[in-house]
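Dear colleague,

Here is the structure to look at. My notes on it follow below.

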Amino acid sequence: ADNLLDVGNNPKVGTKRYMAPEVLEETIQTDCFDAYKRVDIWAFGLVLWEIARRTYSNGERHVWGSVP
């Protein structure tokens, strides 16, 4: 496998809040599939962070940080 990917000219698809820095800065390697996997992990990590910071334990809400 040569790890190459043929995509459109615009890699900025989705919600800006979940976009990785390299996507926002337009420095992502658009011809490399691994770059897209890293971007997906970034977005997944943000989703997990949002879930974790809205955690309830013993009926009390625990806030672990502020939403940017």
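Please keep in mind that this is a predicted model.

I started with helix α2. On the face turned away from its buried side, α2 carries the exposed residues Asp-40, Ile-41 and Ile-51. The buried residues of this helix are Ala-35, Tyr-36, Val-39, Glu-50 and Arg-53. These lie on the same side of α2 because they cover an arc of only 125 degrees around the axis. As a general point, an α-helix has 3.6 residues a turn, so residues three or four places apart point the same way.

As for its dimensions, α2 has 21 residues, and 31 Å separate its first C-alpha from its last, close to the 30 Å expected at 1.5 Å a residue.

Next, the core. The largest nonpolar core consists of eight residues: Met-19, Ala-20, Val-23, Ile-28, Cys-32, Ala-35, Tyr-36 and Val-39. The element that gives the most to this core is helix α2 (residues 33-53), with three residues.

Last, a backbone detail. Glu-26 sits in the loop between α1 (21-24) and α2. Its phi is near 60 degrees, a positive value in a residue other than glycine. Glu-26 is exposed, with a relative accessible area of 57%.

Regards

How values were computed: Residues are numbered from 1 along each chain as its sequence is written. This is a predicted model: local features need pLDDT of at least 70, side-chain atom pairs count only at pLDDT 80 or more; totals for chains, interfaces and linings use all residues. Side-chain values use heavy atoms; hydrogens and water are left out. A nonpolar core is a set of buried Ala, Val, Leu, Ile, Met, Phe, Trp, Tyr and Cys residues joined through side-chain atoms within 4.5 Å. Buried means under 20% relative accessible area, exposed over 50%, partly exposed in between (1.4 Å probe, protein chains only). Helices (H or I, at least four residues) and strands (E, at least two) are DSSP runs, numbered from the N terminus. The expected span of a helix is 1.5 Å times one less than its number of residues. The arc is that of the directions from the helix axis to the C-beta atoms.
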